[in-house]
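Colleague: Thanks for making time for this one. Could you walk me through the charged and aromatic side-chain contacts?

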Amino acid sequence: MALNLTRALHKNALSKAAFNALPLERTISTTAPCLRISVGRYKKLEGRYQLLTYEQAHKPHEIGHWKSWNSWNTSNLLGGRRTQLTAIEDMFIRKFIHGSFFGNVVGGQIIIKRQHNIIRIAFCVTRSTNFQSVYFMTGFCEEMLSIWLHCPVKLELQTVQPYEGFVKVIDAA
């Protein structure tokens, strides 16, 4: 019993000595900066080419200079109200439009503009779709989104050829 007690005291003393040996200062570790930025850039694919839209053709650091944002609202300003709710609503609107016009939205770009109490949604649709179904889906989406979001919603559609919305081609590697 006494042997176990002395071993426990010895271990405790060693652990305290090891703890006291550690520096109590805060340090920061740094690494060399990587100048190769690859986020948001599109690379060449082997054996095939890739079509890029106007938005995809510009690099991420050019936002605000050469291209604009996809959501226009003032709630993201300092002291703005409903910031989280607006972001969730924008995500819901994009998913709803992609699901309603499945496979017909060209380039996947949906622009959402909030002006006073009106939400304007703009996007491009392929011309190969039946115009009667496009009119029906436009009215259906406007009505359903107006009910769910409790404000008037206007859809602004533009019909384009399937490859008309693309402005840049990245050739095969």
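Modeller: Happy to! A salt bridge here is a side-chain nitrogen of Lys or Arg within 4 Å of a carboxyl oxygen of Asp or Glu. Please keep in mind that this is a predicted model.

Colleague: By this rule, how many salt bridges are there?

Modeller: Side chains of opposite charge can pair when their charged atoms come close. One of the pairs is Arg-120 with Glu-156, whose closest N and O atoms are 3.3 Å apart. Applying the rule throughout, the count is three.

Colleague: How many residues apart in sequence are the parts that Arg-120 and Glu-156 tie together?

Modeller: Their salt bridge has its closest N and O atoms 3.3 Å apart. Arg-120 sits in strand β4 (residues 118-126) and Glu-156 in strand β5 (residues 153-160), so the parts that this pair ties together are separated in sequence by 36 residues.

Colleague: Is Glu-156 buried, partly exposed or exposed?

Modeller: Buried would need a relative accessible area under 20%, and exposed one over 50%. Glu-156 has 33%, so this residue is partly exposed.

Colleague: Which residue forms a salt bridge with Glu-89, and where does that partner lie?

Modeller: The closest N and O atoms of this bridge are 3.2 Å apart, and the partner is Arg-114. Glu-89 belongs to helix α3 (residues 83-100) while Arg-114 belongs to a strand (residues 111-115), so the pair ties together parts 25 residues apart in sequence. Both Glu-89 and Arg-114 are buried. The strand that holds Arg-114 is β3.

Colleague: Which residues are linked with Arg-114 in a network of salt bridges?

Modeller: Arg-114 bridges to Glu-89 at 3.2 Å between the closest N and O atoms. Arg-114 also bridges to Asp-90, where the closest N and O atoms are 2.8 Å apart. The residues in the network with Arg-114 are Glu-89 and Asp-90.

Colleague: On to the rings: are Phe-131 and Tyr-135 stacked, tilted or edge-to-face?

Modeller: Rings pair if their centres lie within 6.5 Å, and planes over 60 degrees apart count as edge-to-face. By this rule there are seven aromatic pairs. For Phe-131 and Tyr-135 the centres are 6.0 Å apart and the planes at 80°, so the pair is edge-to-face.

Colleague: Which helix holds both Phe-131 and Tyr-135?

Modeller: Phe-131 is exposed at 51% relative accessible area, and Tyr-135 is exposed at 60%. The two residues are four apart, about one turn of their helix, which is α4.

Key. Residues numbered from 1 in each chain as written. Predicted model: local features only at pLDDT ≥ 70, side-chain atom pairs only at ≥ 80, totals over all residues. Heavy atoms only, no water. Phe/Tyr/Trp six-rings, centres within 6.5 Å; stacked < 30°, edge-to-face > 60°. Buried < 20%, exposed > 50% of the residue type's maximum accessible area, 1.4 Å probe, protein only.
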